[in-house]
Amino acid sequence: MKRVLIGFFFVLTLALCYLVTSPTQAAKRRPASNAMARQVHLISSDSGSDKWARLGSMGRPLPLASTLLQDESTDAAPQGSLLAFFQRMGDSSWSTGLHESRYAYDLIESVHVWALCLFFGLAVMFDFRLLGWTMKSVPVSEVARRLLPWTAVGFVVMVISGTLLFSAIPLRSYQNIFFRAKMIMLLLAGLNVWIFHSGVYRRVTTWDVDNVTPKAARVAGALSLVLWVCIVLSGRMIAYNWFDCDRQPQPAIVNLLTSCVPTQAEH
């Protein structure tokens, strides 16, 4: 059942992307998008009446995410670096078509939120049992047997949809300080799960029905709760551009943490 659901969501997502972001549409949209991004970049460095004159000559405004840093060529970053790689990815027809599509991006984002709700809700219930806050009369192994398979389904769908969302705006996401914080905490959460399942959970038969679980299990549950709350918060904050490279000047530490090198005009 779990494999069928994962396959269904994966095929559905790919089908939506293929139908809505065809190569022809992406090829038609890309030049206009790049030209618009260059105009926005020039406006940010102009002043006074010149700025408003340029603004008045612009056509249909684009979403903010599609205008951030997309005007930079791959020569602006060292060849072979991650920054150059994500610049090329952002200029690809797939990335442009997915981001500018009328339906696909919104649908994928909705699937991502639904999967997050499924995963986070079930993970919190399991963590509460480890902490002894709920379902005290139910064996821990029974809670795990019932919840973890669906938790895994939510996680897989969440990762697939999240990867597609990242590919739509790769450069802006890569240079977003909240995205980087989220990735670090995801690694820590994965490490916490691995330590728990390879350590104290192997001896679950000795404390399965205890109201108060071992200290190691309670620590794992508390860390999981804290990390996943911070991950969800960081993911939500990615949408805001308080520390984006186009909003200069920024503190030097922010530019360092986001791999941002502002131009002379932006200082």
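Is Phe-126 buried or exposed, and what is its relative accessible area? In this predicted model, Phe-126 is buried, with a relative accessible area of 6%. The briefing below covers the aromatic rings of the structure, which holds 12 aromatic pairs.

**Phe-86 and Tyr-174**

- Among the pairs is the one between Phe-86 and Tyr-174, which is tilted, with 4.8 Å centre to centre and 40 degrees between the planes.
- Phe-86 belongs to helix 5 (residues 82-91) and Tyr-174 to helix 9 (residues 170-174), so this pair ties together parts that are 88 residues apart in sequence.
- Both Phe-86 and Tyr-174 are buried.

**Phe-126 and Phe-196**

- Phe-126 also has a ring partner, Phe-196, and their pair is edge-to-face: the planes are 75 degrees apart and the distance is 6.2 Å centre to centre.
- The pair ties together parts that are 70 residues apart in sequence, because Phe-126 lies in helix 7 (residues 104-131) and Phe-196 in helix 10 (residues 177-198).
- Phe-196 is buried, with a relative accessible area of 6%; for Phe-126, likewise buried, the value is 6%.

**Surroundings of Tyr-174**

- One aromatic cluster is formed by Phe-85, Phe-86, Phe-166, Tyr-174 and Phe-179.
- The two rings of the tilted pair, Phe-86 and Tyr-174, are thus named again among the members of this cluster.
- Tyr-174 also has a charged group over its ring: the charged end of Arg-180 sits there, 4.3 Å from the ring centre.

Methods: Residues are numbered from 1 along each chain as its sequence is written. This is a predicted model: local features need pLDDT of at least 70, side-chain atom pairs count only at pLDDT 80 or more; totals for chains, interfaces and linings use all residues. Side-chain values use heavy atoms; hydrogens and water are left out. Rings of Phe, Tyr and Trp (its six-membered ring) pair if their centres lie within 6.5 Å; planes under 30 degrees apart count as stacked, over 60 as edge-to-face and the rest as tilted. Helices (H or I, at least four residues) and strands (E, at least two) are DSSP runs, numbered from the N terminus. Buried means under 20% relative accessible area, exposed over 50%, partly exposed in between (1.4 Å probe, protein chains only). A charge sits over a ring if NZ of Lys or CZ of Arg is within 6 Å of the ring centre and within 35 degrees of the ring normal.
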